[in-house]
Amino acid sequence: MPDLQEPAEGAAARAARKPAHETDAERRRRRAQFLRELNEAKALRERVQPRRARAARMRQAMRMRTFRW
């Protein structure tokens, strides 16, 4: 979760200070952070809009049932 003491940083600012090359560990760490925040946002959306979230789950289940290998 982002630290509330520091100001929010935009994508352009992050891109400007990004090093020329980043290690795999740094990329994996950033990706893990992104996925944690994405899951948190999805959970919040499900709590705020339960009917819409249920409909989305039903659509996803239907897609999975009709998927062909």
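Reply: Reading along the sequence, the protein chain shows the pattern α-α-α. It has three helices and zero strands. Please bear in mind that this is a predicted model.

Me: How is the arrangement of two packed helices described, and what are the values for α2 and helix α3?

Reply: Two packed helices are described by the angle between their axes and the distance between the axes. Here, the axes of α2 and helix α3 (residues 50-66) cross at roughly 115° and come within 5 Å. Glu-46, Arg-47 and Val-48 of α2 make the contact with Pro-50, Ala-53 and Arg-57 of α3. By class, the residues of this contact are three nonpolar, no polar and three charged.

Me: Which side chains meet in a salt bridge with an N to O distance of 3.7 Å?

Reply: Those of Arg-57 and Glu-46. Because Arg-57 lies in helix α3 and Glu-46 in helix α2, the pair ties together parts that are 11 residues apart in sequence. Arg-57 is partly exposed, at 45% relative accessibility, and Glu-46 is also partly exposed, at 40%.

Me: How many salt bridges does a search of the whole structure find?

Reply: The search finds two. One of them joins Arg-30 to Glu-22, with the closest N and O atoms 2.8 Å apart. Arg-30 is partly exposed at 49% relative accessibility, as is Glu-22 at 26%.

Me: What share of the 69 residues in the protein chain is buried?

Reply: Buried residues make up 1%. The accessible surface is about 7,100 Å², and carbon and sulfur atoms account for 56% of it. Phe-34, Leu-35 and Leu-38 make a nonpolar surface patch of about 250 Å²; Phe-34 is located in helix α2 (residues 24-48).

Notes:
Residues numbered from 1 in each chain as written. Predicted model: local features only at pLDDT ≥ 70, side-chain atom pairs only at ≥ 80, totals over all residues. Heavy atoms only, no water. Helix = DSSP H or I, 4+ residues; strand = E, 2+ residues; numbered from the N terminus. Buried < 20%, exposed > 50% of the residue type's maximum accessible area, 1.4 Å probe, protein only. Areas by Shrake-Rupley, 256 points an atom, 1.4 Å probe, with all protein chains shown as cover. Patch = residues over 30% accessible without salt bridge, like charges linked within 9 Å, V, L, I, M, F, W, Y side chains within 5 Å. Salt bridge = Lys/Arg side-chain N within 4 Å of Asp/Glu carboxyl O. Axes fitted to C-alpha atoms, helices over the stretch in contact; angles between N-to-C directions. Contact = heavy atoms within 4.5 Å. Nonpolar A, V, L, I, M, F, W, Y, C, P; charged D, E, K, R; others polar.
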